[in-house]
Amino acid sequence: MSELDICSRREADRFIQEGRVLLHGSPVARILGQKVPFDETEIVLLNGKNTTTGTNQNEVTTSPLEFSWSQLQTAAVVLHKPVGYISGQPEGAKKHVPAVRLLTKTNAHIVRSTYDSIDNNSNNEEFRHAQSIVQDSLSFQWHHPTKSQEPTLEGYVPAGRLDLESSGLIIFTKNGVMAKKLISGGTRIEKEYYVLVEPLQGLTRYEQAAGMSWANLPRQPHRKLDRMRRGGFRLFGDDDKPLRRVVAAEWIHPEEQPFYFTNHNNNTDHHRRHVLRLVLTEGRKHQIRRMCREMLGMHVLQLVRTRIGSIELGSLPEGKWRPLRQEEARMIHQSG
């Protein structure tokens, strides 16, 4: 059901338990984890409540869901994640702050930073859209991390990752199908990054622990991007998963560098530093950092994601969020 884009896996579990799923016209046993042929399409989801009693059996869905902005307009928000926040939840004893804590009313970046002047902005469609997200989330209740922290939007999870030391665009959603389209292994949605690099100085402790040596890295740092553009390179530890070719890889002239790295020229080593623009259609753990080290002999100093498909970071301030726009939601829906 997830592969057919009828619903997410979690939603499928719930629908099966509710008796709302038919296979070849018969109710599916309420046992999770059942297997069907990979090309099976005779799956029906009843919009009613129960297939056993036959009550409230309204129209059925036998194909991927059609785009419905009324259902998706509160399904996702776009955040400019700063360095120092993690995309998911802390693991073990780590005390890193999850980026979802930034999804507060104060951090909404629509015309003004707060909703104090809602009457004065009633004609702004995006402002009303953001307000609807906040109001919709009220029905799910706000999440209160601690008494001293501002409540955050409830129910939104990251669709993708940006590591602790990276910043930029990240999408939070509460729609399972949308999340799947953004992060599944088969996605072809482009993701654009600007990366500040310099020649690497040595192996990291993680590389050493993984068994890497200088033999796994270029003898000398270089700026040749051919291997990235060709694809097929195997990162250390991913021998069975060659990289896809990048959509774009280019060095950015100092005068054309984005505003994200405007301060790096003040450093005495600025002549050793370079800005690389990359566009990828896949996302592995620390992929760009590993690519730069293993393919170029370059260490990543800063990494900013600036675009996901047609969704651009633009002028969204660091630490602020905005609603996903209709044309952006349609792009995600039509992908995959």
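# Salt bridges, strands and cores in a predicted model

The side chains of Glu192 and Arg277 form a salt bridge, with 2.8 Å from N to O. Glu192 belongs to strand β10 (residues 191–199) and Arg277 to strand β12 (residues 274–280), so this pair ties together parts that are 85 residues apart in sequence. A salt bridge here is a side-chain nitrogen of Lys or Arg within 4 Å of a carboxyl oxygen of Asp or Glu. Side chains of opposite charge can pair when their charged atoms come close.

The model is predicted: local features need pLDDT of at least 70, side-chain atom pairs count only at pLDDT 80 or more, and totals for chains, interfaces and linings use all residues. Residues are numbered from 1 along each chain as its sequence is written, and side-chain values use heavy atoms, with hydrogens and water left out.

## The chain as a whole

The chain has eight helices and 15 strands. Helices (H or I, at least four residues) and strands (E, at least two) are DSSP runs, numbered from the N terminus. Of the 336 residues in the chain, 46% are buried. Buried means under 20% relative accessible area, exposed means over 50%, and partly exposed lies in between, with a 1.4 Å probe and protein chains only.

The accessible surface of the chain comes to about 18,700 Å², and 47% of it belongs to carbon and sulfur atoms. These areas come from the Shrake-Rupley method with a 1.4 Å probe; for residues, only the protein chains shown count as cover. Among contacts in the chain with a separation of 6 or more, 65% are between residues 24 or more positions apart, where contact means heavy atoms within 4.5 Å.

Glu192 counts as buried because its relative accessibility is 11%, and Arg277 counts as buried at 17%. Arg307 lies in strand β13 (residues 298–308) and Glu192 in strand β10, so the pair ties together parts that are 115 residues apart in sequence. Arg307 and Glu192 are both buried.

Glu198 counts as buried at 11% relative accessibility, whereas Arg272, at 26%, counts as partly exposed. Salt bridges that share partners join Glu190, Glu192, Glu250, Arg277 and Arg307 into one network.

## Strand pairing

Nine of the nine residues of β10 are buried, so this strand is largely enclosed by the rest of the structure. Strand β10 pairs with β12 in the antiparallel sense over seven bridges, and Glu192 stands opposite Val279 in β12. Strands pair in this account if DSSP finds at least two bridges between them. Strand β10 also pairs with β13, in the antiparallel sense over nine bridges; there, the bridge partner of Lys191 is Ile308.

Elsewhere, strand β1 (residues 21–23) and β3 run antiparallel and are joined by three bridges. The bridge partner of Val21 in β3 is Leu45. Strand β3 (residues 43–46) is covered on both faces: Ile43 and Leu45 on one side and Val44 and Leu46 on the other are all buried.

## Nonpolar cores

In soluble globular proteins, nonpolar side chains tend to be buried together. A nonpolar core is a set of buried Ala, Val, Leu, Ile, Met, Phe, Trp, Tyr and Cys residues joined through side-chain atoms within 4.5 Å. The largest such core has 35 residues, of which Leu103, Phe172, Val195, Met228 and Leu276 touch the most other members. The elements that give two or more residues to this core are β5 (76–81), β9 (167–173), β10, β11, β12, α7 (287–296) and β13. Its largest share, five residues, comes from α7.

Not counting residues up to four places away in sequence, Leu276 touches Tyr193, Tyr194, Val195, Leu225, Met228, Glu250, Trp251, Cys292 and Leu296. A second, separate core of 28 residues includes Val78, Ala179, Ile189 and Leu196.

## Trp321

Trp321 lies in strand β15 (residues 321–323) and counts as buried, at 0% relative accessibility. Trp321 and Ala108 are 213 residues apart in sequence and 5.1 Å apart in space, C-alpha to C-alpha.
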